[in-house]
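Keep the structure in view as you read.

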Amino acid sequence: MGCLQSVACKARVRREQIVVSDVSATIEPAATAIEESSPVVLRYRTPYFRASARVLMPPIARRHTWVVGWIQACNHMEFYNTYSDLGVSSWELPDLREGRVKAISDSDGVSYPWYGNTTETVTLVGPTNKISRFSVSMNDNFYPSVTWAVPVSNSNVPLLTRIKRDQSFTTWLVAMNTTTKEKIILQTIKWRMRVDIEVDPMQLLGQRARLVGRTQQEQPRILSRMEPIPPNALVKPNANDAQVLMWRPKRGQPIVVIPPK
């Protein structure tokens, strides 16, 4: 065979050669679970967002490596904890809040730009002489701790009265050539998670908090078009490292409680 017929010479993988099937994106049809076992913090666990897909990749040329997997970015975050009439603590992404960026990477902080490196990605090292068939999947949820007492206070008196959280994400299924840095977007998914918890700090531990508003999350949207990935969603910092915990009192200046990492 001549070079034109050889796998080793066919370096370029085109979008139309990649077959994606059985794309699934769901959020569990369950309510957010509230945990009041600790006298220091309230914890809550949201239902899981899960995404999966089957992929068929064409043969890969020699000296080329492709990674196929999930990349996720946070597009919007509101996370406010109200303490009576004293003020609110809030987890914030300053660049996102101020509009300097459109999204922030939601990588695991190690596998940039990928969400993770176990079930989330598959690596194909060329040369391969046949079609590769595989599945990739990911899941995500919130499981934070919120102090019963004002976070800048030395007191342990419970004053927490409300937790409101609203976050939006874009999740992409991507094939990336690590040799040439070419990226092919295979699927785009949008999803949102909202939490609204009312708290009566005067009640006994275990009886203070209740979920209000909708008990089930709206289901993710699998887009019919491919949405581009903002460049900063592919690099450091990830959302966990970039976020800041602020105390915003009713009176006085805001205080940084936990700075970014």
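Start with Arg192, which is partly exposed, having a relative accessible area of 28%. Its salt-bridge partner is Asp166, and the N to O distance is 2.7 Å. Bear in mind that this is a predicted model. In general, side chains of opposite charge can pair when their charged atoms come close.

**Arg192 and Asp166**
- Arg192 lies in strand S12 (residues 183-199) and Asp166 in strand S11 (residues 160-177), so the pair links distant parts of the chain, 26 residues apart.
- Asp166 has a relative accessible area of 13%, and it counts as buried because that value is under 20%.

**Glu198 and Arg210**
- Strand S12 also holds Glu198, while Arg210 sits 12 residues away in strand S13 (residues 209-211).

**Glu35 and Arg45**
- Here the salt bridge has an N to O distance of 3.8 Å.
- This pair connects distant parts of the chain: Glu35 belongs to strand S2 (residues 33-35) and Arg45 to strand S3 (residues 41-45), 10 residues apart.
- Glu35 has a relative accessibility of 24%, which makes it partly exposed, and Arg45 is partly exposed with 32%.

**The wider picture**
- How many salt bridges does the structure hold? There are 13.

Notes:
Residues numbered from 1 in each chain as written. Predicted model: local features only at pLDDT ≥ 70, side-chain atom pairs only at ≥ 80, totals over all residues. Heavy atoms only, no water. Salt bridge = Lys/Arg side-chain N within 4 Å of Asp/Glu carboxyl O. Helix = DSSP H or I, 4+ residues; strand = E, 2+ residues; numbered from the N terminus. Buried < 20%, exposed > 50% of the residue type's maximum accessible area, 1.4 Å probe, protein only.
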